[in-house]
Amino acid sequence: MDALSLPPAQWQEVLSRVGPLFQDCLRRYTLGDSTSLPVEAAQQVFSALCFALRQVPQLLSGDLFVAYRQGQALLREKVVECRLSGATRC
Amino acid sequence: MEWNLSQLNALPTAEKQRQWNKCLELTDRYGLKLTHQRFEALEAARKQALEAAGRLDFGGGVLDSLVYAFCDSPFVEPDAFAGLLFQMQELFYTFKSETLNALTDEELISVMERLFNGEAQGSLDYLSEVPPQRLVRIALGKEALD
(Lines give C-alpha, C1' and ligand atoms only; values in the text may rest on other atoms or scores of the structure.)
Protein backbone atom coordinates (compact mmCIF):
# COMPACT_ATOMS: atom_id res chain seq x y z
CA MET A 1 0.00 0.00 0.00
CA ASP A 2 1.56 3.35 -0.95
CA ALA A 3 0.97 6.58 0.95
CA LEU A 4 -1.52 7.83 -1.63
CA SER A 5 -3.97 5.13 -0.69
CA LEU A 6 -3.92 5.82 3.06
CA PRO A 7 -7.42 6.27 4.45
CA PRO A 8 -8.21 9.71 5.96
CA ALA A 9 -7.88 8.46 9.55
CA GLN A 10 -4.33 7.27 8.91
CA TRP A 11 -3.43 10.50 7.14
CA GLN A 12 -4.63 12.25 10.28
CA GLU A 13 -2.14 10.19 12.27
CA VAL A 14 0.67 11.19 9.90
CA LEU A 15 -0.32 14.84 10.12
CA SER A 16 -0.37 14.76 13.91
CA ARG A 17 3.32 13.79 13.76
CA VAL A 18 4.30 16.25 11.06
CA GLY A 19 4.72 19.40 13.26
CA PRO A 20 8.51 19.22 13.86
CA LEU A 21 9.19 18.37 10.21
CA PHE A 22 6.98 21.24 9.05
CA GLN A 23 8.79 23.64 11.39
CA ASP A 24 12.10 22.49 9.98
CA CYS A 25 10.85 23.08 6.41
CA LEU A 26 9.63 26.56 7.32
CA ARG A 27 12.96 27.39 8.97
CA ARG A 28 14.78 26.37 5.81
CA TYR A 29 12.26 28.24 3.62
CA THR A 30 13.02 31.49 5.46
CA LEU A 31 16.76 30.68 5.56
CA GLY A 32 16.58 31.04 9.34
CA ASP A 33 16.10 34.81 8.99
CA SER A 34 12.51 35.00 10.13
CA THR A 35 10.32 33.44 12.79
CA SER A 36 7.12 34.02 10.83
CA LEU A 37 5.85 34.04 7.27
CA PRO A 38 2.60 34.75 5.39
CA VAL A 39 0.01 32.01 5.87
CA GLU A 40 -0.21 31.52 2.08
CA ALA A 41 3.52 30.79 1.90
CA ALA A 42 3.25 28.38 4.83
CA GLN A 43 0.40 26.60 3.07
CA GLN A 44 2.53 26.21 -0.06
CA VAL A 45 5.40 24.78 1.97
CA PHE A 46 2.94 22.41 3.65
CA SER A 47 1.52 21.28 0.31
CA ALA A 48 5.03 20.62 -0.99
CA LEU A 49 5.85 18.66 2.16
CA CYS A 50 2.71 16.52 1.80
CA PHE A 51 3.46 15.98 -1.88
CA ALA A 52 6.93 14.65 -1.03
CA LEU A 53 5.56 12.46 1.76
CA ARG A 54 2.93 10.97 -0.54
CA GLN A 55 5.69 9.45 -2.66
CA VAL A 56 6.83 7.26 0.20
CA PRO A 57 5.32 3.87 0.98
CA GLN A 58 5.02 2.73 4.62
CA LEU A 59 4.64 6.26 5.85
CA LEU A 60 2.95 5.20 9.07
CA SER A 61 5.77 3.18 10.55
CA GLY A 62 8.90 5.26 9.97
CA ASP A 63 10.57 8.52 10.90
CA LEU A 64 8.91 11.35 8.95
CA PHE A 65 12.21 13.24 8.47
CA VAL A 66 13.65 10.15 6.77
CA ALA A 67 10.44 9.64 4.77
CA TYR A 68 10.56 13.27 3.62
CA ARG A 69 14.14 12.90 2.41
CA GLN A 70 13.18 9.70 0.58
CA GLY A 71 10.19 11.47 -0.99
CA GLN A 72 12.40 14.36 -2.11
CA ALA A 73 14.92 11.94 -3.61
CA LEU A 74 12.17 10.12 -5.51
CA LEU A 75 10.80 13.40 -6.85
CA ARG A 76 14.26 14.56 -7.94
CA GLU A 77 14.73 11.28 -9.72
CA LYS A 78 11.43 11.79 -11.58
CA VAL A 79 12.39 15.36 -12.51
CA VAL A 80 15.73 14.21 -13.92
CA GLU A 81 13.99 11.41 -15.85
CA CYS A 82 11.53 13.91 -17.36
CA ARG A 83 14.34 16.29 -18.31
CA LEU A 84 16.34 13.54 -19.92
CA SER A 85 13.39 12.20 -21.87
CA GLY A 86 12.62 15.76 -23.03
CA ALA A 87 16.23 16.24 -24.08
CA THR A 88 16.19 12.96 -26.04
CA ARG A 89 13.07 14.03 -27.97
CA CYS A 90 14.67 17.36 -28.93
CA MET B 1 -8.06 15.22 6.73
CA GLU B 2 -8.40 18.36 8.84
CA TRP B 3 -5.24 20.00 10.14
CA ASN B 4 -5.03 23.61 11.09
CA LEU B 5 -1.73 25.42 10.51
CA SER B 6 -2.28 27.45 13.64
CA GLN B 7 -1.96 24.25 15.68
CA LEU B 8 1.76 24.40 15.09
CA ASN B 9 3.29 24.74 18.52
CA ALA B 10 6.26 26.99 18.00
CA LEU B 11 8.17 26.65 21.26
CA PRO B 12 7.91 24.17 24.10
CA THR B 13 6.67 25.73 27.34
CA ALA B 14 9.95 25.10 29.20
CA GLU B 15 11.95 26.90 26.52
CA LYS B 16 9.50 29.78 26.58
CA GLN B 17 9.77 30.06 30.38
CA ARG B 18 13.56 30.11 30.07
CA GLN B 19 13.36 32.95 27.53
CA TRP B 20 10.95 34.89 29.71
CA ASN B 21 13.16 34.48 32.79
CA LYS B 22 16.12 35.89 30.87
CA CYS B 23 14.00 38.83 29.74
CA LEU B 24 12.77 39.44 33.29
CA GLU B 25 16.35 39.49 34.60
CA LEU B 26 17.22 42.10 32.00
CA THR B 27 14.18 44.29 32.55
CA ASP B 28 14.76 44.15 36.31
CA ARG B 29 18.19 45.59 35.73
CA TYR B 30 16.61 48.55 33.91
CA GLY B 31 13.88 48.96 36.52
CA LEU B 32 11.15 48.07 34.03
CA LYS B 33 7.98 46.43 35.26
CA LEU B 34 7.27 43.13 33.57
CA THR B 35 5.86 39.91 34.98
CA HIS B 36 5.10 36.36 33.82
CA GLN B 37 1.41 37.31 33.70
CA ARG B 38 2.27 40.17 31.37
CA PHE B 39 4.25 37.81 29.17
CA GLU B 40 1.28 35.48 28.97
CA ALA B 41 -0.91 38.39 27.91
CA LEU B 42 1.73 39.42 25.36
CA GLU B 43 1.77 35.87 24.05
CA ALA B 44 -2.00 35.97 23.56
CA ALA B 45 -1.66 39.35 21.85
CA ARG B 46 1.01 37.89 19.56
CA LYS B 47 -1.47 35.35 18.25
CA GLN B 48 -3.95 38.11 17.51
CA ALA B 49 -1.29 40.26 15.85
CA LEU B 50 -0.21 37.35 13.68
CA GLU B 51 -3.78 36.65 12.66
CA ALA B 52 -4.38 40.30 11.84
CA ALA B 53 -1.23 40.36 9.70
CA GLY B 54 -2.10 37.02 8.04
CA ARG B 55 1.08 35.38 9.26
CA LEU B 56 2.10 32.10 10.82
CA ASP B 57 4.75 31.98 13.52
CA PHE B 58 6.88 28.87 13.79
CA GLY B 59 9.85 30.08 15.81
CA GLY B 60 8.42 31.35 19.08
CA GLY B 61 7.99 34.99 18.16
CA VAL B 62 10.13 38.06 18.62
CA LEU B 63 9.09 39.14 22.08
CA ASP B 64 12.51 38.52 23.60
CA SER B 65 14.21 40.38 20.72
CA LEU B 66 11.89 43.33 21.29
CA VAL B 67 12.70 43.33 25.02
CA TYR B 68 16.44 43.34 24.27
CA ALA B 69 16.04 46.11 21.68
CA PHE B 70 13.87 48.48 23.69
CA CYS B 71 14.77 47.89 27.35
CA ASP B 72 17.41 50.63 27.32
CA SER B 73 15.39 53.17 25.35
CA PRO B 74 15.45 56.62 26.95
CA PHE B 75 11.79 57.04 25.98
CA VAL B 76 10.43 54.10 27.96
CA GLU B 77 8.67 54.66 31.27
CA PRO B 78 9.05 51.72 33.71
CA ASP B 79 5.29 51.27 34.05
CA ALA B 80 4.64 51.57 30.33
CA PHE B 81 7.12 48.97 29.05
CA ALA B 82 4.61 46.13 28.74
CA GLY B 83 2.25 48.44 26.85
CA LEU B 84 5.06 49.42 24.52
CA LEU B 85 5.81 45.75 23.84
CA PHE B 86 2.15 45.10 23.00
CA GLN B 87 2.22 47.81 20.37
CA MET B 88 5.71 47.07 19.08
CA GLN B 89 4.82 43.43 18.58
CA GLU B 90 1.74 44.35 16.57
CA LEU B 91 3.68 46.91 14.56
CA PHE B 92 6.45 44.41 13.89
CA TYR B 93 4.11 41.92 12.20
CA THR B 94 2.38 44.69 10.28
CA PHE B 95 5.73 46.01 9.03
CA LYS B 96 6.93 42.50 8.28
CA SER B 97 4.02 41.98 5.89
CA GLU B 98 4.08 45.51 4.49
CA THR B 99 7.76 45.16 3.61
CA LEU B 100 6.86 41.90 1.81
CA ASN B 101 9.19 39.87 4.03
CA ALA B 102 12.17 41.65 2.49
CA LEU B 103 13.80 42.21 5.88
CA THR B 104 14.95 39.67 8.40
CA ASP B 105 13.49 39.85 11.93
CA GLU B 106 16.77 41.26 13.18
CA GLU B 107 17.00 43.95 10.48
CA LEU B 108 13.43 45.10 11.02
CA ILE B 109 13.76 45.32 14.79
CA SER B 110 17.01 47.23 14.42
CA VAL B 111 15.36 49.79 12.10
CA MET B 112 12.36 50.12 14.42
CA GLU B 113 14.67 50.70 17.38
CA ARG B 114 16.78 53.30 15.58
CA LEU B 115 13.71 55.21 14.40
CA PHE B 116 11.93 55.01 17.77
CA ASN B 117 14.95 56.25 19.71
CA GLY B 118 15.88 58.75 17.01
CA GLU B 119 13.59 60.86 14.88
CA ALA B 120 10.38 59.43 16.35
CA GLN B 121 11.51 60.53 19.83
CA GLY B 122 9.60 57.69 21.42
CA SER B 123 6.39 58.22 19.45
CA LEU B 124 4.71 55.01 18.35
CA ASP B 125 2.29 56.99 16.22
CA TYR B 126 5.21 58.46 14.30
CA LEU B 127 6.85 55.07 13.92
CA SER B 128 3.67 53.46 12.65
CA GLU B 129 3.43 56.08 9.90
CA VAL B 130 6.86 55.33 8.44
CA PRO B 131 6.34 53.95 4.92
CA PRO B 132 7.55 50.38 4.37
CA GLN B 133 9.78 51.41 1.46
CA ARG B 134 11.64 53.70 3.84
CA LEU B 135 12.10 50.92 6.39
CA VAL B 136 13.71 48.82 3.69
CA ARG B 137 15.93 51.68 2.48
CA ILE B 138 17.17 52.29 6.03
CA ALA B 139 17.76 48.60 6.68
CA LEU B 140 19.74 48.23 3.48
CA GLY B 141 21.83 51.30 4.25
CA LYS B 142 20.42 53.34 1.35
CA GLU B 143 19.25 56.00 3.76
CA ALA B 144 21.19 57.16 6.78
CA LEU B 145 19.48 58.18 9.99
CA ASP B 146 20.62 61.19 12.03
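Residues over 50% relative accessible area are called exposed, those under 20% buried, and those in between partly exposed. The model discussed here is predicted.

Q: Is A:Leu31 buried or exposed?
A: A:Leu31 sits in the loop between α2 (19-29) and β1 (36-38) of chain A. Its relative accessibility is 69%. Because the cut-off for this class is over 50%, A:Leu31 counts as exposed.

Q: What is the phi of A:Leu31?
A: Most residues other than glycine have a negative phi. A:Leu31 is not a glycine, yet its phi is positive, near 55 degrees.

Q: Where does B:Gln121, with its positive phi, lie?
A: B:Gln121 has a phi of about 50 degrees although it is not a glycine. With a relative accessible area of 52%, B:Gln121 is exposed. Its place is in the loop between α5 (105-117) and α6 (124-128) of chain B.

Q: Which element gives the most to the largest nonpolar core?
A: This core has 40 residues, and B:Phe39, B:Phe70, B:Phe81 and B:Met88 touch the most other members. Elements of chain B that give two or more residues to the core include α1 (13-29), α2 (36-53) and α4 (81-98). With nine residues, the element that gives the most is α4(B).

Q: Which residues does B:Met88 touch, not counting those up to four places away in sequence?
A: B:Met88 is one of the residues that touch the most other members of the largest nonpolar core. Leaving out residues up to four places away in sequence, B:Met88 touches B:Leu66, B:Phe70, B:Met112, B:Phe116, B:Leu124 and B:Leu127.

Q: Which element gives the largest share of the lining of the second largest pocket?
A: About 170 Å³ of space lies in this pocket. Its lining has 15 residues, and A:Tyr29, A:Thr30, A:Ser34, A:Ser36 and B:Asn101 lie nearest the centre. By class, the lining has seven nonpolar, five polar and three charged residues. The largest share, three residues, comes from β1(A).

Q: How many disulfides does the structure hold?
A: A disulfide needs two cysteine sulfur atoms within 2.5 Å. For A:Cys25, the nearest cysteine sulfur is that of A:Cys50, 9.8 Å away, and A:Cys25 is in no disulfide. Over all chains, the number of disulfides is zero.

Q: Is A:Cys25 buried or exposed?
A: A:Cys25 belongs to a second, separate core of 23 residues, which also includes A:Val45, A:Ala67 and A:Tyr68. A:Cys82, at 55% relative accessibility, counts as exposed. A:Cys25 has 6% relative accessibility and so counts as buried.

How values were computed:
Residues are numbered from 1 along each chain as its sequence is written. Chains are lettered from A and ligands numbered from 1 in the order in which they are written. This is a predicted model: local features need pLDDT of at least 70, side-chain atom pairs count only at pLDDT 80 or more; totals for chains, interfaces and linings use all residues. Side-chain values use heavy atoms; hydrogens and water are left out. Helices (H or I, at least four residues) and strands (E, at least two) are DSSP runs, numbered from the N terminus. Buried means under 20% relative accessible area, exposed over 50%, partly exposed in between (1.4 Å probe, protein chains only). A nonpolar core is a set of buried Ala, Val, Leu, Ile, Met, Phe, Trp, Tyr and Cys residues joined through side-chain atoms within 4.5 Å. Contact means heavy atoms within 4.5 Å. On a 1 Å grid over the protein atoms alone, a cavity is a set of points where a 1.4 Å probe fits but cannot get out, and a pocket is an open set with protein on both sides within 12 Å along at least five of seven lines; lining residues have an atom within 4 Å of a point. Grid points are joined across faces, edges and corners, and a volume is the space filled by probe spheres set on the points. Ala, Val, Leu, Ile, Met, Phe, Trp, Tyr, Cys and Pro count as nonpolar, Asp, Glu, Lys and Arg as charged, and the others, Gly among them, as polar.
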